[in-house]
Amino acid sequence: MGLLSLAIWVPIAFGVLLLAIGRDDRANMVRWIALVGSLVSFLVTIPLYTRFQLGTAAMQFVEKFSWIQRFNVSYHVGVDGLSLWLVLLTAFITVIVVISAWEVITERVSQYFGAFLILSGLMIGVFSALDGILFYVFFEATLIPMYLIIGIWGGPNKIYAAFKFFLYTLLGSLLMLVALIYLYNKSGGSFDILTWHKLPLESGAQSFLFFAFFAAFAVKVPMFPVHTWLPDVHVEAPTGGSAVLAAIMLKLGAYGFLRFSMPIAPDASREWAWLMIGLSLIAVIYVGLVALVQQDMKKLVAYSSVAHMGFVTLGFFIFNELGVSGGIVQMIAHGFVSGAMFLGIGVLYDRVHSRQIADYGGVVNTMPKFAAFALLFAMANCGLPGTAGFVGEWMVILGAVKANFWVGFGAATALIFGAAYTLWMYKRVYLGPVGNDHVKELKDINAREFLMLSLLAIAVLWMGLFPKPFTDVMDASVVDLLRHVAASKLP
């Protein structure tokens, strides 16, 4: 079994083991098995980076063998510069989520950790799949553990939120399945994604494929106006569920645009770029204004995620190297920052059992260490230079200005809204005198929480101060993707 298969199946194997244990009287043992499983899964992904060959757009660590021979379906996996860091990010965030839930989850412990480990493997499968059906299976399978995580360990309206999440994302994917079958027939019976990249397609077929993929991926990002499921799901999901949803699952849709929409339907992508840019600008500006009026911390950060992911799709569809590279960097950065923001809210919720901004005030007086971490993550969410949040957004804005000054200007103004709602929340929650007795009795973060937040802080600062390792990996693949988009496939 190759390295990439290990990265996919090791967390799934540990997750199945935890489900097999399935007893709360062994909760402590389950936690340690989950931690070992997540650490081993992360360690397996590190050689993917250390052995990754720079300067080539070719797929690496490729594994392929026949799966369903009758329909020419293969187990075909590989990574390039577009997907490598997403694989590492998934494994890293899984470790953080296991640490975050160590003392918080006390019921159905094995099922909780098992669901997250299985979800981790499935998401890595999405980022690695080079066969259309394999991609679809992994893409849809991720819904199951997340549905259970929300529906079992979520808040008072968890069933409604889980149902809404499942329906939105499942319905969006049905058109993608039709598109995959169309491409299978058009290619003479192949589900190989790289083969589809070379297919000559008529203008009408490209437009159909573009919108079929849009239906699946735009909901997942989520883009305006199909973003309405996200705030409800974030509010009801447990802390770990919100962290994984924001840090990884939203990236499945953005990655789909890179792997399917743009290289398979390049003419349609250019034709409908105005629509994608328009929806992205609405997301970064309008949704940023919506975030300003939120009273629930989780809802505020959820709308913030929609706005930040707007930068990702904006970068992709301005079709220059700075924009596309910036969009990918923004995906990784948002994974670190949004995960940290949601886990920070979880730290407060575990103590006060409220996410309402009005129920806090002056937290810095009783939790100074935690307030320092929260300030770093808030600054990163604002896009402060030197943090991960700055690099991708700055690259996208530069790329947008290069393509069209007014598009870049519109995107740049959104940074003001991002700073406004983030700093407004930080001021109300953390600064000033102690707000009430609940805040007065708060205890600062323990060693486990300090470790969790320290790992995320290191990641945020590392990417902000030394982005070169991230951009070097993706450079050749971005150039190759843009070459595909620039070359017409009209027969």
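**Pockets, cavities and helix pairs**

Guide: Two or more residues each in the lining of the largest pocket come from α6 (143-153), α10 (229-236), α11 (239-264), α15 and α21 (447-465); helices here are DSSP runs (H or I, at least four residues), numbered from the N terminus. The model is predicted, so local features need pLDDT of at least 70 and side-chain atom pairs pLDDT 80 or more, while totals for chains, interfaces and linings use all residues. Residues are numbered from 1 along each chain as its sequence is written, and side-chain values use heavy atoms, without hydrogens and water.

Visitor: How many residues line that largest pocket, and which lie nearest its centre?

Guide: A pocket is an open set of points on a 1 Å grid over the protein atoms alone, with protein on both sides within 12 Å along at least five of seven lines; a cavity is a set where a 1.4 Å probe fits but cannot get out, and lining residues have an atom within 4 Å of a point. Here 35 residues line the largest pocket, with V104, I105, T239, Y349 and D350 nearest its centre. α15 gives the largest share of this lining, 7 residues. The largest pocket holds about 680 Å³ of space, volume being the space filled by probe spheres set on the points, which are joined across faces, edges and corners.

Visitor: How does the lining of the largest pocket divide by class?

Guide: The lining of the largest pocket has 15 nonpolar, 9 polar and 11 charged residues. Ala, Val, Leu, Ile, Met, Phe, Trp, Tyr, Cys and Pro count as nonpolar, Asp, Glu, Lys and Arg as charged, and the others, Gly among them, as polar.

Visitor: Which residues lie nearest the centre of the second largest pocket?

Guide: F42, F92, V95, L455 and A459 do, out of 21 lining residues. α2, α3, α15 and α21 each give two or more residues to this lining. The second largest pocket has about 490 Å³ of space, and its lining has 20 nonpolar residues, no polar and 1 charged.

Visitor: At what angle do α2 and α3 pack?

Guide: A packed pair of helices is described by the angle between the axes and the distance between them. Axes are lines fitted to C-alpha atoms over the stretch in contact, and angles run from 0 to 180 degrees between N-to-C directions. α2 (residues 27-50) and α3 (residues 84-100) pack at about 160 degrees, with axes 9 Å apart. That makes α2 roughly antiparallel to α3, a label for angles over 145 degrees. The contact of α2 with α3 has 15 nonpolar, 4 polar and no charged residues.

Visitor: How far apart are the axes of α18 and α19?

Guide: The axes of α18 (residues 388-403) and α19 (residues 405-430) are 6 Å apart, at an angle of about 155 degrees. These two helices are therefore roughly antiparallel to each other. E393, I397, A400 and V401 of α18 make the contact with F405, V407, G408, A411, A412 and L415 of α19, where contact means heavy atoms within 4.5 Å.

Visitor: How many cavities of 30 Å³ or more are there?

Guide: The count is 4. The largest cavity holds about 150 Å³, and among its 16 lining residues M341, G344, A374, M425 and Y430 are closest to its centre. α15 (321-352), α17 (368-382) and α19 each supply at least two residues of this lining, which has 14 nonpolar, 2 polar and no charged residues.

Visitor: Which element gives the most to the lining of the second largest cavity?

Guide: α19 does, with 5 residues. The volume of the second largest cavity is about 80 Å³. Of its 14 lining residues, H308, F311, A414, G418 and Y421 are the closest to its centre.

Definitions and conventions. Parallel < 35°, antiparallel > 145°, perpendicular 65-115°, else oblique.
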